[in-house]
Amino acid sequence: MASFAGYEPEDRARVEECVSKTDPASAPFAHYNLGCAKYYDDDFDGALEIWRKLVAADVDPLLVDQATFQMGRALDAKGDAAGALEIYRGFARKHADDALAQFNMGELLSRLEQFDEAETAYLKAVEFDKSDGGDIRKDALVNLAEDKKLAGDVAGCVRTMRRVVDVDPADYDTRLMLASVLRGAGDVDGALVEAKTAAEFLDSVRPVDDDEAAAFQEANALAQSLIRELTALKEGREAGPA
């Protein structure tokens, strides 16, 4: 039995006992954590029931916010994209500058094929993510680029992928993604520059574990494959008709 929210199985048993004897107002953290346990056990309806009662009890504003956000995750996990979107919209009305809420809204709106609204949400996520690593910024821009690609907006896809690279210029994965997008757009020279730059960054990587080594090998293989393909295309173009 897996642990949850920092608890071991025996701790979960104590939380369940506590929840069975209390209401959300008297033991809000126990109820919140049991909701998390049910969520991680894929009992999304059970988690929703607990979190809804916790939100209704309105004991602690921060805990209410956390439970509300988790309700959005649970609704999304059970396939209710519209319901999850409604939860996140309500959350965003209280926390307009929350980057993750905007990102989640972008994903849901994209799935619901409301692409203009999805773009607005993704760009807000980019604006509001102030983290050093910029993970939300990158993920939002990558998703937005994919939406533009699916819509046939090649130029928009390229512009957006360049913004992804700007977030972390040393990220070889995003440079390889940009190289693939440029290749698809017919910009062989630009794609080759990005693939070679990614390969240079890969040369400086020293994997710290087996998982990282496997990811590194996969990225390196892709970089070398792109370089070979793009070099052949460029040389063929320069050679002209036979």
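A nonpolar core is a set of buried Ala, Val, Leu, Ile, Met, Phe, Trp, Tyr and Cys residues joined through side-chain atoms within 4.5 Å. Buried means under 20% relative accessible area, exposed means over 50%, and partly exposed is in between, using a 1.4 Å probe and protein chains only. The model here is predicted: local features need pLDDT of at least 70, side-chain atom pairs count only at pLDDT 80 or more, and totals for chains, interfaces and linings use all residues. Residues are numbered from 1 along each chain as its sequence is written, and side-chain values use heavy atoms, with hydrogens and water left out.

Start with the core. The largest nonpolar core has 60 residues. Within this core, Tyr-32, Trp-51 and Leu-230 touch the most other members. Take Leu-230. Contact means heavy atoms within 4.5 Å. Leaving aside neighbours within four places in sequence, Leu-230 is in contact with Arg-183, Val-188, Ala-191, Leu-192 and Ala-195. Another core lies apart from the largest one. This other core has 7 residues, among them Val-15, Ala-30, Leu-34 and Ala-37.

Now turn to the rings. A pair of aromatic rings is described by the distance of the centres and the angle of the planes. Rings of Phe, Tyr and Trp (its six-membered ring) pair if their centres lie within 6.5 Å; planes under 30 degrees apart count as stacked, over 60 as edge-to-face, and the rest as tilted. The structure holds 7 aromatic pairs. In one of them, the ring centres of Tyr-32 and Trp-51 are 6.3 Å apart. Their planes stand at 40°, so the pair is tilted. Where do the two residues lie? Tyr-32 is in helix α2 (residues 28-40), and Trp-51 is in helix α3 (residues 44-57). The pair therefore ties together parts that are 19 residues apart in sequence. Helices are DSSP runs (H or I, at least four residues), numbered from the N terminus, and strands are runs of E with at least two.

Tyr-32 is buried, at 11% relative accessibility. Trp-51 is buried too, with a relative accessible area of 0%. Trp-51 also pairs with Tyr-39: the centres are 6.2 Å apart and the planes are at 40°, so this pair is tilted. Tyr-39 sits in helix α2 and Trp-51 in helix α3, 12 residues apart. Tyr-39 counts as buried, at 13% relative accessibility. Ring pairs link Tyr-32, Tyr-39, Tyr-40, Phe-44 and Trp-51 into a cluster.

Asp-42 is found in the loop between α2 and α3. Most residues other than glycine have a negative phi. Asp-42 is not a glycine, yet has a positive phi of about 65°. Is Asp-42 buried or exposed? Asp-42 is exposed, with a relative accessible area of 56%. Glu-113 has a positive phi of about 60° and is not a glycine either. Glu-113 lies in the loop between α6 and α7, and counts as exposed at 62% relative accessibility.

Next, follow helix α5 (residues 81-94). The expected span of a helix is 1.5 Å times one less than its number of residues. Helix α5 has 14 residues and reaches 20 Å from its first C-alpha to its last, close to the 20 Å expected. Its buried residues are Ala-81, Gly-83, Ala-84, Leu-85, Ile-87, Tyr-88, Phe-91 and Ala-92. What covers them includes α4 (61-77) and α6.

Which residues of α8 are buried? They are Arg-137, Lys-138, Ala-140, Leu-141, Leu-144, Ala-145, Asp-147 and Lys-148. The buried residues of α8 pack against α6 (99-111), α7 (115-128), α9 (154-167) and α10 (172-184). Gly-152 follows α8, with a positive phi near 85°.

A record covers part of this region. Over residues 99-132 the chain is 79% helix and 0% strand, with the end C-alpha atoms 13 Å apart.

Last, the cysteines. A disulfide is a pair of cysteine sulfur atoms within 2.5 Å. A search of the whole structure finds 0 disulfides. Cys-36 counts as buried at 4% relative accessibility, and Cys-157 counts as buried at 4%.
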